[in-house]
Amino acid sequence: MASIPLASLASTGQKIPLIGLGTAEFPFGEDEATVKQSVLHAIEVGYRHFDTAALYQSEKPLGDAIAEALQRGLIKSRDELFVTSKLFSSNCHSHLVLPALQQTLKNLGLEYLDLYLIHVPVSLKPGAQLPFAPGDILVMDFEGVWKAMEECQNLGLTKSIGVSNFTCKKIEKLLATARIPPAVNQVEMNVFWQQKQLRKLCEEKGIHITAYSALGSKGTPWELNSRPIDCDALKEIASGREKTVAQVLSSNRTLRYTYDGTRRKPYLS
């Protein structure tokens, strides 16, 4: 079984596996069986970090896979896993953060998360769903929402808290009032979009960067015509090292989510 390197989160000292499996499959929530089987296969080959979100509608199949993995003896304890989930924008209101996390834990069948993230730095009207109307978009109360996130950590419902899709300006705004700094900022990042300025700021502030869509956003409405995994230069590099392009893209210190819906199996470098 492959051994996945770990990093320490500056705000808590918690260890985070540097390679993980994301469970978003677009359209969201259409194939729970595939999500479950992909997670089980990933556990079998050595994955221990799994990423989900209320938006993805994959919390329940992820939780079902974890329960089956425990039953089959693939893992001895839930503590062997690092589970991340995210707060959806319609719950980005100070009074809705805790209930949203409690629902996430119920969906997963878990007592705590390892990491809970604000999915995007914007609020929607309570109850709004995708697709949402322009009138549903609200300015987020950064101080109030983050204070509620801090309370979730203080209650032990999540070991660490963080953000996702936050720009440099949004991070600076959050840090201005935060008592607990975000442990992680999860953003889209790959060889075509390296996010150098954001990476520099996060490093200075002790915020771990998690990269998603390292292989490209295949099958989504926002997929680009040019994907990293199809890059000829990367294919040449991979061939010269007897590796796959996915392994090359997953070889640096940032966490890479590498589920390819066409293969129905996760990559592992």
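Guide: The account below begins with the helix and then turns to the rest of the chain.

The model is predicted, so local features are reported only at pLDDT of at least 70 and side-chain atom pairs only at pLDDT 80 or more, whereas totals for chains, interfaces and linings use all residues. Residues are numbered from 1 along each chain as its sequence is written, and side-chain values use heavy atoms, with hydrogens and water left out.

The secondary structure of the protein comes to eight helices and 14 strands; these are DSSP runs numbered from the N terminus, with helices (H or I) of at least four residues and strands (E) of at least two. Of the 269 residues, 52% count as buried, where buried means under 20% relative accessible area, exposed means over 50%, and partly exposed lies in between (1.4 Å probe, protein chains only). Contact means heavy atoms within 4.5 Å. Among contacts between residues at least 6 apart in sequence, 67% join residues at least 24 apart.

Buried in H3 are Val97, Ala100, Leu101, Thr104, Leu105 and Leu108. These residues cover an arc of only 140 degrees around the axis, which puts them on the same side of H3; the arc is that of the directions from the helix axis to the C-beta atoms. In general, an α-helix has 3.6 residues a turn, so residues three or four places apart point the same way. After H3 comes Gly109, whose phi is positive, near 70 degrees.

The aromatic rings come next. Rings of Phe, Tyr and Trp (its six-membered ring) pair if their centres lie within 6.5 Å; planes under 30 degrees apart count as stacked, over 60 as edge-to-face and the rest as tilted. By this rule the count comes to three aromatic pairs. One of them, Phe28 with Tyr56, is tilted, at 5.6 Å centre to centre and 35 degrees between the planes. Phe28 lies in the loop between strand E3 (19-22) and helix H1 (32-45), and Tyr56 in the loop between strand E4 (49-51) and H2, so the pair ties together parts that are 28 residues apart in sequence. Both Phe28 and Tyr56 are buried. Another pair, Phe142 with Phe166, is edge-to-face, at 5.9 Å centre to centre and 75 degrees between the planes. This pair links distant parts of the chain, 24 residues apart: Phe142 is in helix H4, and Phe166 is in the loop between E9 and helix H5 (168-175). Phe142 is buried at 5% relative accessible area, and Phe166 is buried at 2%. Phe26, Phe28 and Tyr56 form one aromatic cluster.

A charge also meets a ring: Arg78 lies over the face of Tyr112, at 4.0 Å from the ring centre. The rule requires NZ of Lys or CZ of Arg to be within 6 Å of the ring centre and within 35 degrees of the ring normal.

For cysteines, a disulfide is a pair of sulfur atoms within 2.5 Å, and by this rule the count comes to zero. The sulfur of Cys168 is 6.9 Å from its closest cysteine sulfur, in Cys202, too far for a bond. Cys168 is buried at 17% relative accessible area, and Cys202 is buried at 0%.

Some backbone features remain. Most residues other than glycine have a negative phi, and most peptide bonds are trans. The bond from Phe26 to Pro27 is cis, with omega near -5 degrees, and Pro27 is in the loop between E3 and H1. The bond from Leu130 to Pro131 is also cis, with omega near -10 degrees; Pro131 is in the loop between strands E7 (123-124) and E8 (137-138). Asn165, not a glycine, has a positive phi near 65 degrees; Asn165 is in the loop between E9 and H5 and is partly exposed, at 24% relative accessible area. Gln195 has a positive phi of about 55 degrees although it is not a glycine.
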